[in-house]
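Dear colleague,

Here is the structure I promised to hand over, and below it you will find what turned up in it. Please read the notes with the model open beside you.

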Amino acid sequence: ASIAVAIISKQDIVQIISNLETMPPSKSRLELIKLENDIKIIDDTFKSGIDTFESALDMFAKVSAQRRIMLCKNIENTPAKKLESYHSLGARISQIADKVIFVGGTDLEKARASFVQAGKERTDAVFFRNDVYQAITYLRGMVQPGDVILVKARNTQRLQRVVLALRQWKVTCPVKVCNVKVHSCDECPMLDRKMDDFQNRFILPYIKK
């Protein structure tokens, strides 16, 4: 759309392309975040349809890293053959990632099984059932200099909490599914609140623990 407007405004096409190349990615859409010790995070926590998994993995395969680590939640709106989708996902991840952390429902155990069956060690695929904070603790304990971490989820799953925790933000939010109308976790006033605060009658309708 922006290119169309620029062309109608009679701007030079070469300059249009040059300008677009300098644009940063949208927030939480393959957003690159650099930490200390040459550790990098690719935050892709806005959408998690199977097509977005494929595009994220395509890009992840091209990234230079000491180790590629993927952390993901469930596929959003899986196709009719859900079992096959998760098995295919696990096999695809095994081709690209050295290690994977699954955080979510039991369907991800199918992806984990395929990851291992593809020739990976079982210890390289970890499953935490909907426990973001177990994943944070585990990831903090195993990350090494030069690692690149792809974090993949959809916005309401709020896996961006992992990204913020790795950036040393204070994160306490316990929700599993969030319908609070904020674009990202770093904009949410509930991000670092006490557990009792989540019992507020105005907050409860928007969250699922």
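A search of the whole structure finds two cavities of 30 Å³ or more, a cavity being a set of points, on a 1 Å grid over the protein atoms alone, where a 1.4 Å probe fits but cannot get out; a volume is the space filled by probe spheres set on the points, which are joined across faces, edges and corners. This is a predicted model, in which local features need pLDDT of at least 70 and side-chain atom pairs count only at pLDDT 80 or more, while totals for chains, interfaces and linings use all residues. Residues are numbered from 1 along each chain as its sequence is written, and side-chain values use heavy atoms, with hydrogens and water left out.

The largest cavity holds about 110 Å³ of space and is lined by 13 residues (those with an atom within 4 Å of a point), with Arg158, Cys173, Val175, Cys178 and Cys188 nearest its centre. Its lining divides into 11 nonpolar, no polar and two charged residues, where Ala, Val, Leu, Ile, Met, Phe, Trp, Tyr, Cys and Pro count as nonpolar, Asp, Glu, Lys and Arg as charged, and the others, Gly among them, as polar.

The second largest cavity has a volume of about 40 Å³, and its lining consists of Ser28, Thr45, Asn155, Arg158, Leu159, Gln160, His183 and Ser184. These divide into one nonpolar, six polar and one charged residue.

Key
On a 1 Å grid over the protein atoms alone, a cavity is a set of points where a 1.4 Å probe fits but cannot get out, and a pocket is an open set with protein on both sides within 12 Å along at least five of seven lines; lining residues have an atom within 4 Å of a point.
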